[in-house]
Amino acid sequence: MTIKILGNKVAIKVTKKEEKKTSGGLIIPEGTNLQNRVEQGIVFAVGTGKVTNEGTVLPITDVKVGNMIVYPKYSVTEVTIDNEDFIMIDVDQILAIMED
């Protein structure tokens, strides 16, 4: 199945989540204040860009398919397509692109 992302959105492939542990080896349950409030994922698809009031499209230039990004955990829309989990997020919500 092909996904066409609209507007100023990106689709992120959810990376496998590892259990978060303290330095002593205790598992930190999800939803506690000890966990980070950001997640990582790989950009799967990029929208066409933001449309201005004048109708001009400002293309998304900073984020590319394949980028590993950091995004806020709680400002996303979760979608499952063909048994695969994706996150839909506004490009302005991306906090960082991870580089080697």
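Visitor: What does Lys13 form a salt bridge with?

Guide: Lys13 pairs up with Glu84, and their closest N and O atoms are 3.3 Å apart. A salt bridge here is a side-chain nitrogen of Lys or Arg within 4 Å of a carboxyl oxygen of Asp or Glu. The pair ties together distant parts of the chain: Lys13 is in strand β1 and Glu84 is in strand β7, 71 residues apart. Helices (H or I, at least four residues) and strands (E, at least two) are DSSP runs, numbered from the N terminus.

Visitor: Is this an experimental structure or a predicted one?

Guide: This is a predicted model, where local features need pLDDT of at least 70, side-chain atom pairs count only at pLDDT 80 or more, and totals for chains, interfaces and linings use all residues. Residues are numbered from 1 along each chain as its sequence is written, and side-chain values use heavy atoms, leaving out hydrogens and water.

Visitor: Back to that pair. How exposed is Lys13?

Guide: Lys13 counts as partly exposed because its relative accessibility is 28%. Glu84 is partly exposed too, at 36%. The cut-offs: buried means under 20% relative accessible area, exposed over 50%, and partly exposed in between (1.4 Å probe, protein chains only).

Visitor: How many salt bridges are there by this rule?

Guide: The count comes to three. One of them joins the side chains of Lys9 and Asp90, at 3.8 Å from N to O. That pair also links distant parts of the chain, with Lys9 in strand β1 and Asp90 in strand β7 (residues 84-90), 81 residues apart. Lys9 has a relative accessible area of 36%, so it is partly exposed, and Asp90 is partly exposed at 22%.

Visitor: And which residue does Glu39 bridge to?

Guide: Lys73, with the closest N and O atoms 3.8 Å apart. Glu39 is in strand β2 (residues 38-46), while Lys73 is in the loop between β5 (68-72) and β6 (77-81), 34 residues away.

Visitor: Are those two buried or exposed?

Guide: Both Glu39 and Lys73 are buried.

Visitor: New topic! Where is Asn8 found?

Guide: Asn8 is in the segment before β1 (9-14). Its relative accessible area is 14%, so Asn8 is buried.

Visitor: What does Asn8 touch?

Guide: Not counting residues up to four places away in sequence, Asn8 touches several residues, including Gly49, Ile60 and Val91. Contact means heavy atoms within 4.5 Å.
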